[in-house]
Amino acid sequence: DGPGHPGCRNQRMGVMQDKRTLRRIHKDAFRAAILDWRENHRAPGGKARKNQVCQVFVRLRPMFEKENQQGEFESVSTFQEWGEVIVHSCLFQADLVRMYVQHSGFCFPRTFGPEASNEDVYAECGSSLVAHALSGQLSTIFMFGQTGSGKTYTMNTIIDMAAAEIFGSEGVASAADPAEAGVRLRVFEIKGNKCVDLMSRARSELKLLESEDGRTNVVGAQETPVSSVEDLQRAVHEAFARRATASHGRNEESSRSHCICIVELPAVKGSLVLVDCAGTERRQDTDQHSAERTKESAEINSSLHALKECIRYRAKEQRQALQATKSGGDEERKQVHVPYRGSYLTRVLAESFTRAGSRLAAIGTVAPSATDVEHTLSTLRTLQLLMNETGSTDAPNFDQRVDLDPKLVQLWTARMKKGGTEGEASLRSANSTPCGSHRRIRSDAGRADADERT
């Protein structure tokens with residue numbers, strides 16, 4: 001902004017402000033720059049394709065009213081037509097005066113914007129895996145994302161709709177053997193090195209024992225029979241209510257454990273597993289946490305890393321099997337070891353990574369606000385890494401830096417302060433001039449973050 005702007009005066013007087021405070025001070029200019037960029041963005045040259053080994057989806061939640069009141073603004077765009085998610089990182093150069101926006105793009109088989117309905121999300125992400133389980137196979141759905149990005153909300157949606165599909169299926173409804181009628185449910189959480197039964201009101205601690213064939217069994221978990229849609233929904237929601245949570249800066253009830261919900265279908269010999277992973281956090285999200293909470297966060301992030309590795313290696317194994325099938329099986333196939341012993345979470349889910357015919361899906365949920373861009377980038381890079389391991393995308397990522405012209409920043413700020421749609425319409429009419437100097441860089445999904453900026 002201009003030299004008379006309060007933010008600039010504070011900087012000249014030696015009052016140092018962190019980048020989040022500066023972003024809020026200059027939010028009108030950043031919002032205008034993002035709007036200008038969106039207006040000129042075009043579809044990439046390709047579109048990511050689905051892969052049956054591990055399907056990957058992204059859902060962007062809406063802005064919360066609380067975030068708007070705190071001066072936050074949207075810094076993530078979704079283009080559902082071609083499956084692209086763009087993160088707009090609003091940054092400052094070393095002098096804390098010159099501003100620029102780093103636009104980072106990722107392509108996925110399917111993305112959902114804030115206006116997407118729960119029915120659309122289930123139809124794309126959940127329905128095919130539920131059908132796979134009803135055919136006698138194993139389906140596993142993982143929820144990734146930062147705390148407060150809508151993971152648990154999306155998982156509840158999938159469970160509610162899956163319950164209706166399961167009990168509406170002919171195989172479950174027409175089981176001849178009474179012992180196989182209905183559905184059996186187990187729900188437990190993994191917190192650090194402890195496994196706790198959420199179906200038990202006493203939250204009994206469970207033991208993990210390894211059998212002779214190397215499988216890890218959860219001993220003592222309560223298996224509850226359910227006989228209707230309502231019974232299944234109620235049982236799951238009651239179990240979720242017993243889950244370990246803790247308050248922190250991003251969410252008043254942050255999930256501090258990985259929650260695993262296993263729906264057994266005896267009549268068809270299939271299983272549906274839903275995993276709501278604990279929310280990841282940045283250090284600034286845990287400033288008020290005790291040493292115990294900080295250690296807990298480190299354990300969560302470590303187990304999530306082990307989970308990502310298992311999904312990647314499972315995809316690699318499946319890809320090699322497919323190539324061997326196409327070549328007629330003449331070539332010797334290298335054995336791929338899935339490192340599921342890396343954490344308690346992956347030990348419990350070992351069958352999801354080793355059972356023949358099992359299918360995986362990963363749903364990443366992201367928050368739209370400027371404060372959360374670092375976490376959003378982390379989630380998207382994790383999902384993109386899974387995509388690249390399976391070779392399922394032909395649309396490369398990109399990074400584009402736009403340095404903001406100080407004169408246009410002043411014009412944009414004045415016009416945006418008109419407020420509402422009037423300000424944005426006025427801004428569009430003023431945007432016949434490029435917003436600044438553009439530098440576009442093609443990059444791999446897994447490349448390291450750009451240099452740390454102030």
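1. The lining of the second largest cavity draws its largest share, 4 residues, from α7, and α7 (151–167), α9 (229–241) and β15 (270–276) each supply at least two of its residues. Helices (H or I, at least four residues) and strands (E, at least two) are DSSP runs, numbered from the N terminus. This is a predicted model, in which local features need pLDDT of at least 70 and side-chain atom pairs count only at pLDDT 80 or more, while totals for chains, interfaces and linings use all residues. Residues are numbered from 1 along each chain as its sequence is written, and side-chain values use heavy atoms, with hydrogens and water left out.

2. Lining this second largest cavity are Ile159, Ala162, Ala163, Ile166, Leu232, Val236, Val263, Leu272 and Leu274, which divide into 9 nonpolar, no polar and no charged residues (Ala, Val, Leu, Ile, Met, Phe, Trp, Tyr, Cys and Pro count as nonpolar, Asp, Glu, Lys and Arg as charged, and the others, Gly among them, as polar).

3. Ser75 sits in the loop between α4 (65–69) and β2 (76–79), and it counts as buried because its relative accessibility is 0% (buried means under 20% relative accessible area, with a 1.4 Å probe and protein chains only). Leaving aside residues up to four places away in sequence, Ser75 touches Ile34, Ile86, Val87, His88, Cys90, Pro368, Ser369, Ala370 and Val373, where contact means heavy atoms within 4.5 Å.

4. For the chain as a whole, the secondary structure comes to 15 helices and 18 strands, and 55% of the 454 residues count as buried. Among contacts between residues at least 6 apart in sequence, 73% join residues at least 24 apart.

Conventions. On a 1 Å grid over the protein atoms alone, a cavity is a set of points where a 1.4 Å probe fits but cannot get out, and a pocket is an open set with protein on both sides within 12 Å along at least five of seven lines; lining residues have an atom within 4 Å of a point. Buried means under 20% relative accessible area, exposed over 50%, partly exposed in between (1.4 Å probe, protein chains only).
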